[in-house]
Amino acid sequence: MNRFGRWLLAAVSMALSSGAYAATCGSVTPDANAVVMAQHEAYVAHDLDAFAVCYADDVVITDLTGKRPTIVGIAALREVYGKLFKRVPAGFRSEYLGKLINGPMVVVSERSVGAANGATPSGIAMFEVRGGKVIRVWFGPFE
C-alpha cells in the first residue's frame, strides 16, 4: 500500500473510532444501509450516544422468538443497551456476514463474537429506516 493509501486508511479509522459514523443518522439524504452501518459501528464501539442517535424516538425493537421483551422508545433502548454495553466484555462485538437491502429495509445476517463463554451465535436482524433513523427492528433466533 502506498503512502496515500496508508494515510486514507488511518483517516477513515480515526473517523470511525471518534463516533463520526453517527453523523449519517438523521441526515437530510438518508440511506438505509448507511444508517444501519452507522448504528452497527456504534454498537461495536459500545458508544451508547452514537448508537441511540441512529434510532427514532418511537423505535420498536422486537425479538421474534418472544424470549426478550419488546423495546419501545428511545429511553427504553438507551436503558437496555446501556446495561448491555456495561455488562459485556470489551471484545464482544457483532460481525455482519451478509446483507440484503430493499429501499428502507435492510436485512443482515450477523454473528456475535467475543462472548466470555466463547459462544458465537448467529442470526438475522431486519431494520426499517425512515428519515435517516431506524424506526423498527426485528430479531430472528440467534443460535
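1. Two strands pair if DSSP finds at least two bridges between them. Strands are DSSP runs of E with at least two residues, helices are runs of H or I with at least four, and both are numbered from the N terminus. N102 stands opposite M105, which is in β4.

2. This is a predicted model: local features need pLDDT of at least 70, side-chain atom pairs count only at pLDDT 80 or more, and totals for chains, interfaces and linings use all residues. Residues are numbered from 1 along each chain as its sequence is written, and side-chain values use heavy atoms, with hydrogens and water left out.

3. Start with the hairpin. β3 and β4 form it, with two residues between them. In the turn, G103 has a positive phi of about 60 degrees. The pairing of β3 (residues 93-102) with β4 (residues 105-113) is antiparallel and spans nine bridges.

4. β4 also pairs with β5 (residues 122-130). This pairing is antiparallel too, over seven bridges. Here R111 stands opposite S122 in β5.

5. Now look at L97. This residue lies in β3. L97 is partly exposed, at 46% relative accessible area (buried is under 20%, exposed over 50%, partly exposed in between; 1.4 Å probe, protein chains only). Leaving aside residues up to four places away in sequence, L97 touches S109, E110 and R111 (contact means heavy atoms within 4.5 Å). The C-alpha atoms of L97 and S122 are 9.1 Å apart, with 25 residues separating the two along the chain.

6. One backbone point remains. H46 has a positive phi of about 55 degrees, although H46 is not a glycine. H46 lies in the loop between α2 (32-44) and α3 (48-52).
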